[in-house]
Amino acid sequence: MTSRFKMGLLTDIQPPDIETRLAILRKKAEQSNFAINDDVLTFIASNIKDNIRELEGALTRVTAYASFNDKHLDLELAQFILRDITTRREPQPVTADVILKATADLFAFSVEDIVGPRRQRPLVKARQVSMYVFRELTELSYPDIARVFGGRDHTTAIHAVQKITKQMAEQPETFNQINELIQKIKNA
């Protein structure tokens, strides 16, 4: 009689330490060709400890804000831009319902429209923004995000996140919409 065991490796995944978070931020800053002082990177790394996506998102927010407003990115400006992150007391869980409702309110659509099959231009933009925010504020995978949006293919979610990321860097309106939506969600 042969017994069959499923073998696997158990690992304890811990959030990265501050040195690792700083290394990630330095690499991202280098890739973006945006000069960022070490005190700004340290501030971001010190305030965002658990989520690498949120860490990278904070870096994108501060660099985009400084670029769009033609301001020098220093510690004081970074503290102002990321005040929602640094003033949180107890993080509230960000749920799909909260993100969808906030997106629907911001773009004046219903939640059913956001997750539904219609493909009119303003609605598609709202849906893509929502998918981007899902990726930034949750730990959901692309297939999980696609399921929230009516069972779409995961490549739709990937495309949406890539498109909105590009638009955030190029269009102040999109950047401002994302920031407003994130603020609403975090304050919900």
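Over the ring of which residue does the charged end of R135 sit? The charged end of R135 sits over the ring of Y142, 3.9 Å from its centre, where a charge counts as sitting over a ring if NZ of Lys or CZ of Arg is within 6 Å of the ring centre and within 35 degrees of the ring normal.

This is a predicted model, in which local features need pLDDT of at least 70 and side-chain atom pairs count only at pLDDT 80 or more, whereas totals for chains, interfaces and linings use all residues. Residues are numbered from 1 along each chain as its sequence is written, and side-chain values use heavy atoms, with hydrogens and water left out.

**View 1. The whole protein, with eleven helices and zero strands.** Helices (H or I, at least four residues) and strands (E, at least two) are DSSP runs, numbered from the N terminus. Of the 188 residues, 38% count as buried, that is, under 20% relative accessible area, with exposed meaning over 50% and partly exposed in between (1.4 Å probe, protein chains only).

**View 2. Helix 3, residues 52-68.** The 17 residues of helix 3 should span 24 Å at 1.5 Å a residue, and the end C-alpha atoms are 24 Å apart, which agrees; the expected span is 1.5 Å times one less than the number of residues. At the start of helix 3, a side-chain oxygen of N51 comes to within 2.8 Å of the backbone nitrogen of R53. Buried residues of helix 3 include L55, L59 and V62, and the helix is followed by D70, which has a positive phi, near 50 degrees.

**View 3. Aromatic pairs, of which the count comes to three.** Rings of Phe, Tyr and Trp (its six-membered ring) pair if their centres lie within 6.5 Å, and planes under 30 degrees apart count as stacked, over 60 as edge-to-face and the rest as tilted. F68 and F175 form an edge-to-face pair, 5.3 Å centre to centre with 70 degrees between the planes. This pair links distant parts of the chain, with F68 in helix 3 and F175 in helix 11 (residues 172-187), 107 residues apart. F68 is partly exposed at 26% relative accessible area, whereas F175 is buried at 1%.

**View 4. The pair of F134 and F149.** The ring centres of F134 and F149 are 5.4 Å apart and the planes lie at 75 degrees, so the pair is edge-to-face. F134 belongs to helix 8 (residues 121-137), and F149 to the loop between helix 9 (142-148) and helix 10 (154-170). F134 is buried, with a relative accessible area of 0%, and F149 is buried, with a relative accessible area of 0%.

Conventions: Polar contact = N/O pair within 3.5 Å; in protein donor to acceptor, adjacent residues only side chain to side chain.
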